[in-house]
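Subject: Handing over the structure

Hi,

Here is the structure I promised to pass on to you. My notes on what was found follow below it.

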Amino acid sequence: MKKRSRKTLVRLLDQKASSDARKRHLYTHTNELCQFCYLRFSRVQTATQCFHILSRKSYSTRWLPENCFWSCASCNIRYEQDADFVSRVIDWYKEKFGAKQWDWLSVSYHTPIPIKDWELEEKLNA
Ligand SMILES: [Zn+2]
């Protein structure tokens, strides 16, 4: 098989993380409604995107189920711009999963792990 470029592997892993986030959402919510809209006091919209609690910058957490959720496009955009919304989402996260998991996620985010292409390939096939 032809070796896939790092860029392609990252894109495919993003697609996989997104589709898994959607499946988890549907499993627990039984609908496609965004679970974050109420945290910005907005009318609830249909979820269509992968929502990262901690940014995609860090490969340590980029594809973790603990970091990937399913949201509407407006919440995803707002999350980049509104610190109050971010802080409400983090409170929601701690409430839902516990402060311990939040601490673990934050530490993981700030702990860079060099990932080789073959490891990305392995993640993709996991
Ligand atoms: Zn939303």
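Of the contacts in the protein with a separation of 6 or more, 67% are between residues 24 or more positions apart. Two residues are in contact here if their C-beta atoms, placed from the backbone, lie within 7 Å. Please keep in mind that this is a predicted model, where local features need pLDDT of at least 70, side-chain atom pairs count only at pLDDT 80 or more, and totals for chains, interfaces and linings use all residues. Residues are numbered from 1 along each chain as its sequence is written.

The overall picture

The protein has five helices and two strands, and from the N terminus on they run α-β-β-α-α-α-α. Helices (H or I, at least four residues) and strands (E, at least two) are DSSP runs, numbered from the N terminus. The radius of gyration is 15 Å, close to the 14 Å that the globule rule gives for 126 residues, so the protein is as compact as a globular protein of that length. That radius is taken over C-alpha atoms, and the globule rule is 2.2 Å times the number of residues to the power 0.38. Along its principal axes, the C-alpha trace spans about 50 × 30 × 25 Å. Of the 126 residues, 20% count as buried. A residue is buried if 20 or more other C-beta atoms lie within 10 Å of its own, exposed if 12 or fewer, and partly exposed in between, with C-beta atoms placed from the backbone.

Helix α1 covers residues 6-29, 24 residues in total, and reaches 34 Å from its first C-alpha to its last, close to the 34 Å expected at 1.5 Å a residue. The expected span is 1.5 Å times one less than the number of residues. Ala17, Ala21 and His25 are buried in α1, and the buried residues of this helix pack against β1 (49-52) and β2 (68-71). Just after α1, Thr30 has a positive phi of about 55 degrees.

Glu32 lies in the loop between α1 and β1, and Thr46 is found in that loop too. Glu32 counts as partly exposed, with 14 C-beta neighbours inside 10 Å, whereas Thr46 is exposed, with 12 other C-beta atoms within 10 Å. Leaving aside residues up to four places away in sequence, Thr46 touches Glu32, Leu33, Cys34 and Cys72, while Glu32 is in contact with Thr46 and Ala47.

Helices α3 and α4

How do α3 and α4 pack, and at what angle? Helix α3 (residues 83-97) and helix α4 (residues 99-109) meet at about 120 degrees, with their axes 6 Å apart. That makes α3 oblique to α4. Axes are lines fitted to C-alpha atoms, for helices over the stretch in contact, and angles run from 0 to 180 degrees between N-to-C directions. Angles under 35 degrees count as roughly parallel, over 145 as roughly antiparallel, 65 to 115 as roughly perpendicular and the rest as oblique.

On the α3 side, Tyr93, Lys94 and Phe97 meet Ala99, Gln101 and Trp102 of α4. Tyr93 is partly exposed, with 19 other C-beta atoms within 10 Å. Not counting residues up to four places away in sequence, Tyr93 touches Ile53 and Trp102.

Enjoy exploring the model!

Best wishes
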